[in-house]
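The sequence and structure are shown first.

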Amino acid sequence: MIWEALKLSLLVVSFATVIICVVGLLFAYLLAKFDFRGKEFLDALLTMPLVLPPTVTGYYLIFLLGRRGLLGSFLYDLTGWSVVFTWQGAVIAAVVMALPLMIKASRASIESVNPDYEIASYTLGKSKLETFLRITLPLAKRGVLAGLILSFARALGEFGATLMIAGNIPGKTQTMPLAIYEAVASGDDRRAQVLALVLTAISLIAVYLTNRISRSQIYG
Amino acid sequence: MRLAKVFPKLLLLLCFVAVCGGCGTDSGPTGGITVSAAASLKDAFNEIGVLYKTKTGTRVNFNFAASGVLQRQIETGAPIDIFASAGENQMNDLATEGLIDEDSRRNFAGNELVLVVPRDSKASLTRFNDLTRSEFAKIAIGNPKTVPAGQYTEQVFDKLGLKDAVQPKLVFAEDVRQVLDWVERGDADAGVVYATDARIAGEKIRVVATASEDSHTPILYPVAVVKNSRQKQAAQQFVEVVMSAEGQAILQKYGFTAAAGK
Amino acid sequence: MLDVNVKKRLGGDLPKGFLLDISFAVDGGITVLAGASGAGKTTTLRLIAGILTPDEGIIKVGDETYFDSGQNVDLSIQKRQVGFVFQDYALFPHLTAEQNIAYGIKAKSKTARAEKAMEMLALFHIEHIRTRIPREMSGGEQQRVAVARALASDPAVLLLDEPLSAVDVETRSKLLDEIEAAQAQTGIPFVYVTHNEAEAVRLGKQRITLEKGRVVKT
């Protein structure tokens, strides 16, 4: 049963991390390179999950995505399916909670790339997208990678919002943090210890890697 | 410049407030007692807390959470004076570990398990056995491992022979309020909660069945003074207020039944 | 070959800001764009390249109109065939000399690109540093890579923004020789910005001087 939780966590976090990478880079690029009305408001909105209690974010998620939610109702009427109580819901919770970390780190990293490099690329005939992929991103690699690893760790430890939107279903949505909570609350010390150890080990490695990468040489 | 002058005064003011905050405004001998109570007791106990303060002048600090969590807190030495749990298991465990005053223990209330559905649910559900039907895809109950209500629910399912049919559809919540929330929203097709919780949810849900008394061990709410309490006298008074006629009336107002037996 | 006739208000309102109002034409060879610091030389180059946008005016290179406020034409930087050598070179720090040069080469096959890159490396006598990254190059080497990279993209005109300001005096003369040779070989007009009188004299039969945003002498 310990392995079930571990497997589920890895499944959820893998999907979440891929989504966070793409969506996070998108928003980071948008915020770093464009100016538009309401930009700082968007930034503040995207930062909310970092600051609000996870149960509040969970509340918003279920309000939006539940069977009668603002968005969830359409999906349910159309397909009879809802993300609530599914591992997909757990992925969504993980993405929402960890995305701000990715966006913040990536945006700062992208902004720190000397714009002259990008302009040089344009004068050599390369489009904005190609420039982003071949010049900006490689030069922003450290911050982006650090952000991604941090998001991974955050997604792995996500609990409050997940509980609300995915429920605690062993084998289906019981990720490691949920399993640990249950083990502790039900007095199953051995299970709690093993799970906590695994989770801590992974998180430690993640944070260690993040720090190492952030400290490695700058290109300048 | 102005900030530099204001800052030390601000700091002093903050310390003053902090110290004063520590002193209660109550006239009791201490800063109040701390009562850990199951989440399902919240509304009733808040009122009992007012009753207690009126009678003794001592304030009550409440700590509401799942009984399992509260039990763990006491086991790891949290400074609690009273424990009121929604089920005997947690209290029994603590008794075995010698963490409560056996003499002070009382069963102060009972409850019933009810089956609820969203208010506008079109499903026809009149008995627990109907849960096996396919129109009930998601059934929310308290986590049997950590929530007493969930344990009783499992007993009911076992007694009625529903366990295998119902198991794949179950969604566990860590407290009964969450079960209610899911049913209210319609994300769960049905849920099993205490009668007292269903009463609070009111209009948003419909109670469709009550589990018969013989389908589960009696739902008893025990209360006891924690052994390491530093305010035994004040804590004992709290138990007495809970057991008093006025205390019992408050409990029944919120849908609790009288405790069966002791 | 290069016709510039533009106006742009810079740096906010007067008296701090000023109006850039320039009009000149360039035929071939190396044209020096001279003037004191802040006269608007770099701004002019950036306007031609499309990095900045004029308030009004026309910019033409050969038969192509890059900018025409009257006709609502404003080609993106990418579409303009302008090579740009930045003051700090802006070499891509994570790419080798060869990769930097090959970056803008428009050739279909990988081998064609590699060939052209080698050609440019040879032209500037920097084959020996082809696998080095900018951090490992001297100022003079970086400058050569910067010019080679810009020329490799086959521009219609090459703009150089004070390319030798970071290079020591001894190397300067040699680099100037190479720039002149490159211009003679490619045949495209070079617009060379400098505030160094010696360089200006050495290079420019053609000189345009800017002062406070206006052309004062052609």
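## Chains, interfaces and core of the predicted model

Chain A has 11 helices and 0 strands, where helices (H or I, at least four residues) and strands (E, at least two) are DSSP runs numbered from the N terminus. The model is predicted: local features need pLDDT of at least 70, side-chain atom pairs count only at pLDDT 80 or more, and totals for chains, interfaces and linings use all residues. Residues are numbered from 1 along each chain as its sequence is written, while chains are lettered from A and ligands numbered from 1 in the order in which they are written.

Read from the N terminus, the elements of chain A follow the order α-α-α-α-α-α-α-α-α-α-α. Chain C, by contrast, contains 6 helices and 11 strands. The radius of gyration of chain C is 17 Å, close to the 17 Å that the globule rule gives for 218 residues, so chain C is as compact as a globular protein of that length. Here the radius of gyration is taken over C-alpha atoms, and the globule rule is 2.2 Å times the number of residues to the power 0.38.

A residue is buried if 20 or more other C-beta atoms lie within 10 Å of its own, exposed if 12 or fewer, and partly exposed in between, with C-beta atoms placed from the backbone. Two residues are in contact if their C-beta atoms, placed from the backbone, lie within 7 Å.

| Property | Chain A | Chain C |
|---|---|---|
| Span of the C-alpha trace along the principal axes | chain A: about 65 × 45 × 25 Å | chain C: about 50 × 40 × 30 Å |
| Buried residues | chain A: 46% of 220 residues | chain C: 41% of 218 residues |
| Contacts at a separation of 6 or more that join residues at least 24 apart | chain A: 74% | chain C: 70% |

### Interfaces of chain A

In the interface between chains A and B, 15 residues of chain A are in contact with 15 residues of chain B. Helix H10 (residues 176-185) of chain A gives the most to the chain A side, with 3 residues. That side consists of 7 nonpolar, 5 polar and 3 charged residues. In this classification Ala, Val, Leu, Ile, Met, Phe, Trp, Tyr, Cys and Pro count as nonpolar, Asp, Glu, Lys and Arg as charged, and the others, Gly among them, as polar.

H10(A) is mostly covered, with 9 of its 10 residues buried. Among them are A:Met176, A:Leu178, A:Ile180 and A:Tyr181. The cover over the buried residues of H10(A) includes helix H1 (2-33), helix H9 (160-166) and helix H11 (189-215) of chain A, together with helix H3 (67-75) of chain B. Just after H10(A), A:Gly187 adopts a positive phi of about 75°.

Towards chain C, 15 residues of chain A are in contact with 18 residues of chain C. Helix H6 (115-123) and helix H7 (128-139) of chain A are the elements that give two or more residues to the chain A side, and H6(A) supplies the largest share, 6 residues. By class, this side divides into 9 nonpolar, 4 polar and 2 charged residues.

### Domains of chain B

Chain B is divided into domain 1 (2-110 + 219-253) and domain 2 (113-215), with bounds that come from an automatic or database domain assignment. The centres of the two domains, taken over C-alpha atoms, are separated by 30 Å. Their contact takes 10 residues from domain 1 and 14 residues from domain 2 of chain B. The domain 1 side has 4 nonpolar, 5 polar and 1 charged residues.

B:Ala39 lies in the loop between strand E1 (33-38) and helix H2 (42-56) of chain B. B:Ala39 is buried because 20 other C-beta atoms lie within 10 Å. Leaving aside neighbours within four places in sequence, B:Ala39 is in contact with B:Phe64, B:Ala65, B:Ala66, B:Asp175, B:Val176 and B:Arg177. The C-alpha atoms of B:Ala39 and B:Ser85, 46 residues apart along the chain, are separated by 8.8 Å.

### The largest nonpolar core

A nonpolar core is a set of buried Ala, Val, Leu, Ile, Met, Phe, Trp, Tyr and Cys residues joined through C-beta atoms within 7 Å. Of the 200 residues in the largest such core, A:Ala94, B:Ile82, B:Phe83 and C:Leu159 touch the most other members. Helix H5 (residues 87-111) of chain A contributes the largest share of this core, 16 residues. Both domain 1 and domain 2 of chain B give residues to this core, so the core lies between them. Beyond its neighbours within four places in sequence, B:Phe83 is in contact with residues including B:Leu70, B:Ile74, B:Met91 and B:Val226.
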